[in-house]
Amino acid sequence: MNSFISKVVKDVFSKHTKSSTIIFILPSQRSCVFLKEELISQATSVQVLPKIISIENFIQELADIQLIDNIQLIFEFYSIYKKKMPAENVDTFETFSQWATIALHDFNDLDSYLVDTNAFFENLRDVNRLNEWFENKKPSELAINYFQFFEYLNILYTTFYKDLRKNKVGYQGLIYREATKNLEFFMQNQGDSNFVFVGFNALNKAEETIFQELLNNNLATIYWDTSTAILDNLNEAGAFLRRYRNEWPYYKKNPFLWVENPETSAKNIRIIGAPKNNTQIKYVGELFSGFQKFNETALVLADENLLPITLNSLPNNVENINITMGYPLKDIPFASLFEKLFKLHLNQQKFSDTSKGQFYFKDLLKVFNDPFLNQLNGEVLQKLISKIKLQNSIFLSLTELKHFLTTLECEDMQLIFSLVNFSSDVNAFIKKCIDLITEIKTFVVGVEKEYLFRFYSIFQQLETLNNKYKHIDNLKTLNLFFHQLLQNEKLSFQGEPLKGLQLMGMLETRALDFETVIITSVNEGVLPGGKNEISFIPYDVKKYFGLPTYQEKDAIFSYHFQRLLQRATNVYLLYNTESDGYGSGEKSRFLTKLEIGNSVIEKIVISPKVQKVEHVLLEIPKTPEIIESLKAVFAKGISPSAIANYIYNPIKFYEQKILKISDDNEVEETIAVNTMGTVIHEVLESLYKPFVNQYITKNDIKEMFEKIETLLVFNFEEYYTKGNIKTGKNKLIFEVCKNHIERFLKQEMDILNQNKQLKIISLEKNLETFIEIEGVDFPIKIKGIVDRIDELDGVTRIIDYKTGKVEAKDLKISDFSLLKEDYKYTKALQVLLYAYIFTKDENYNNSKPLEAGIISFKNLNSGFLKMNFSEKRGANENSIQPENLDLFLDTIKEIIVEILNPDIPFKQNENLPF
């Protein structure tokens, strides 16, 4: 294609035969590479290439000042700040770094636009006083501090500027200001050099000054890339170029290069609406999968935050790619490792009163589960994790961690333990992070080594700067500064700049042309950007002093957008159809303007294909080996809860009984429901144990009340190891347990007050029996532990304690076949099975009535909930008769036969209640 750069090269060499005197200056480093390639392709003979330089490097040469690194700039600024501010007003480095970047951004604008800073700061102070909100009242401390801030900002700016200039370094704005001061000397020493400025648009005041001086002295030529459409008076994209053409004295006598007539007839423009950012990028991936070549293709991300998603969505046929955007450090996996380490130690300080200098278990688990650390000592780390969970340790010291391991394992963990062994010396902490990176690099390959090296460079720089300036004196400040670096710093990519797909941000497209252009996120607030500006300078003051505002930025992006489409043949413009919850983020006005009067544009709205996923239920056939395992299970003994588990989900039964998979241990920071249940069971057993085979009296109950708290504390220490039950949620749970037991004992007292006789027969009794099933060639053992068996006024009661909520309807059943079909009847199944086993016990007296049921601590007002066999609504039939047990046993046998049947696989329950 006949690109803008190719036209410039042809025109320049038609006017200049001596290439060594030409100096090309372009907006970006990438455009320099493309110009160099164009020069080579157009060369007809062997000749010295002209000098090609980006505007940024040209200005540094002109000013004879080097650009300072952003991190070092903050450190330098804080040194000046501490010298000039009164000691009582000095912010910590942590606080300072949060507002300093805004101040430096404003300083940069002031210098780039050659603003008279004395007049500016004087005006700024006056404006803020005019806007005072206290109206003839004594100003508040906040107002005084506000005004003082702008007073000191002037002093800081002046001192900081002089200090940087003295050291021959500076931020970009300072370099621009100094470049204009050196301009006359620079021009006198250029000889026959001719500067060619290519593809510029919005110039700051310093650039305008430099460009005009070089033009007026016949040392330069400027090639603007514009068109009649862009220069139209109603088009915001041409705001800057119109002003240059109309106001610069040079263009009163000389032509304005160049103004083209755009061709729209040959363009294929497609505007695509897609819900959410992911869909846009996925569509681009599908689009690329149909491309044959990518050498003349540019993918422009208006929202550069989409780079990680984009890189993961490109199809395999994109073999070569050149990326000018940096990959955000915050999105690199290694970032999370260091954030975990910071959090580990910051929380240690935060919880110092509670933890006594120990580490919070969640922070330790996050660090120990990190995939990169597990490449170093995975086996030992997993052992530590298991021990922490097993011991239920909420807070742990380094000494306790070492006790979990052998001496040899501790030696292998020396590096990781050194990260846990916190030092108050910030530089020592940074050094440990550097050592960790050095150790990890032997285990990583490919791009991960590049990631590591970037973090290595950051920590090295932090170490060097802090040794020199000593501004970071605590871990909290280091963490905040490190977090800011993650947000702002990026990892640069290296690739073949002229080969394959070009992936870039909007600003990187300056002076470049492509056959196929794809732009994503063409939405308001992105392209163009919103009105939000982070600055200390009010909008009116910016306008008065000629500083850029959001209006100028809109014009800049409008120009880049229209210029990029100027020579492209195939254009794909994607926007997000889903605006945010506040009504912003709609389709960009750039698209609306493009659509007006252009009927050939294709407009479509896409949506992701919803794949219908067939949910196949898991089935596990019963092999001979599984059948043998099942026989062993039934020979050893199966409990009512295991049978209930089978009804709930046969796969769960298979996992627990055949595969022997148990639930993983977890640290209980808050007392778990099962722990609470265990403790209540144990306390009740301890209270009633002295009275087994005895009748309970009122005095016995009164004595029990006095023992509740002591027994609760003892059992929580036993079953809630190392847990704290004195504060927070655990204290509340402790009180709930106490309340449950007290209410239960009050009910027992009410029974005795009715002159009823209550005798404890047994507690936590192990029961077992064998049953024979036709067709099964071995006896089936049924076993279980009954919480309590007692006798109330001659009626024997089988009682199961439940800390959850149970209602009477859960224990009402007349059709026993429902037991094997519906999980909600498993509570009835359990107590009936306990009752059946008890009837086979040698101590069972069949002359006395038998009842079975549940005491629900969340439904204590209902008292003892009994099995009810009545078919009639509202009627009660609680006594367990032999015929009830016979019918029930038939159902249990059917369930067992089903479990042992090799033709019936273990099949996942598709209607799980939980």
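My entries below cover a sheet, a helix pair and a pocket.

**Before starting.** I am working with a predicted model, so I kept in mind that local features need pLDDT of at least 70, side-chain atom pairs count only at pLDDT 80 or more, and totals for chains, interfaces and linings use all residues. Residues are numbered from 1 along each chain as its sequence is written, and side-chain values use heavy atoms, with hydrogens and water left out.

**Entry 1, the sheet.** I found an open sheet of 4 strands in the order β2-β1-β5-β6, with parallel pairing. Strands here are DSSP runs of E, at least two residues, helices are runs of H or I, at least four, and both are numbered from the N terminus. Two strands pair if DSSP finds at least two bridges between them. At the edges I noted β2 (51-54) and β6 (220-223), each pairing on one side only. Neighbouring strands are turned by 20° against each other on average, direction ignored. Helix α2 (residues 29-42) packs on this sheet and touches β1 (22-26) and β2, where contact means heavy atoms within 4.5 Å. The direction of α2 makes about 160° with that of β2; axes are lines fitted to C-alpha atoms, for helices over the stretch in contact, and angles run from 0 to 180 degrees between N-to-C directions.

I then checked β5 (residues 194-198), which is joined to β6 by 4 bridges, the two running parallel. Phe 195 stands opposite Ala 220 in β6. Helix α10 (residues 205-216) lies across β5 and β6, at about 125° to β6.

Helices α15 (residues 333-350) and α23 (residues 447-469) pack at an angle of about 45°, their axes 9 Å apart. I therefore logged α15 and α23 as oblique to each other (under 35 degrees is roughly parallel, over 145 roughly antiparallel, 65 to 115 roughly perpendicular, the rest oblique). The contact involves Pro 333, Phe 334, Ala 335 and Phe 338 of α15, with Glu 448, Tyr 451, Leu 452, Phe 455 and Phe 459 of α23.

Helix α31 gives the largest share of the lining, 6 residues.
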